[in-house]
Amino acid sequence: MTVDIESMLSGPSLERYRAFCEKHPWYREASELIYEWDQQIKVMRAQGEDLDSLYEDRLALPVDEVINFAKDVKAHPDVWFHFADYVERQKTDPDAEFDPDWTSVVGPFSNWYFLKRGKPPQIGKLFAGRGIILMFLRGELPSLDGKEARAYALRMPGTKE
């Protein structure tokens with residue numbers, strides 16, 4: 001992911017960025033970490049290094065990582081809201097979709113979750129984590145980190161023991 005810092009930090013873009021940082025305290029750090037990873041990847045490419053070396057496993061995340069993601073989302077009300085809102089709207093409209101801000105909040109938060117741990121973004125592997133959150137909010141799981149959540153995550157593709 002390439003971050004165009006010049007366009008991000010000028011004019012209306014800068015104002016939107018500042019407003020987003022105020023609403024989502026983790027966003028500024030996420031932006032900085034994305035820029036750092038972008039620079040690291042450019043260096044690796046220039047040196048002919050294999051980008052696969054950045055990943056512990058290209059196909060799956062440890063179940064504990066998936067569960068920790070779900071717990072981290074709950075610890076951030078500005079992100080948790082988007083999951084809770086979706087579940088609430090599904091009660092009256094089973095075909096409801098995620099709100100329009102979903103992508104601009106949950107995507108960067110998911111990237112930040114990995115980046116703050118010194119890992120490259122792997123949001124595609126968080127399907128099970130998002131599922132745990134939604135099932136918990138629907139009352140289908142008693143907790144985000146219990147044996148039921150763990151068993152669910154391990155049944156999902158992209159999760160391993």
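These questions and answers cover salt bridges and one histidine in a predicted model.

The model is predicted: local features need pLDDT of at least 70, side-chain atom pairs count only at pLDDT 80 or more, and totals for chains, interfaces and linings use all residues. Residues are numbered from 1 along each chain as its sequence is written, and side-chain values use heavy atoms, with hydrogens and water left out.

User: How many salt bridges does the structure hold?

Analyst: Side chains of opposite charge can pair when their charged atoms come close. The criterion here is a side-chain nitrogen of Lys or Arg within 4 Å of a carboxyl oxygen of Asp or Glu. The number of salt bridges in the structure is 11.

User: How many residues apart in sequence are the parts that Asp57 and Lys160 tie together?

Analyst: The two side chains form a salt bridge at 3.0 Å, N to O. Helices (H or I, at least four residues) and strands (E, at least two) are DSSP runs, numbered from the N terminus. Asp57 sits in the loop between helix H3 (27-46) and strand S1 (61-62), and Lys160 in strand S2 (residues 159-160), so the sequence separation of the tied parts is 103 residues.

User: Is Lys119 buried or exposed?

Analyst: Lys119 meets Glu65 in a salt bridge of 2.6 Å, N to O. Lys119 lies in the loop between helix H6 (102-115) and helix H7 (127-137), and Glu65 in helix H4 (residues 63-74), 54 residues apart. Buried means under 20% relative accessible area, exposed over 50%, partly exposed in between (1.4 Å probe, protein chains only). Lys119 has 18% relative accessibility, so the class is buried.

User: What is the relative accessibility of Glu161?

Analyst: Glu161 pairs with Arg150 in a salt bridge of 2.6 Å, N to O. Glu161 lies in the segment after S2 and Arg150 in helix H8 (residues 147-155), so the pair ties parts 11 residues apart in sequence. Arg150 is partly exposed at 26%. Glu161 counts as exposed, at 62%.

User: Which residue's side chain does His82 join in a polar contact of 2.7 Å?

Analyst: His82 is in helix H5 (residues 77-92), and is buried at 4% relative accessibility. Leaving aside neighbours within four places in sequence, its contacts (heavy atoms within 4.5 Å) include Phe98, Trp102 and Val105. A polar contact is a pair of N or O atoms within 3.5 Å; within protein, one must be able to donate a hydrogen and the other to accept it, and residues adjacent in sequence count only if both atoms are side-chain atoms. The side-chain partner of His82 at 2.7 Å is Asp99.
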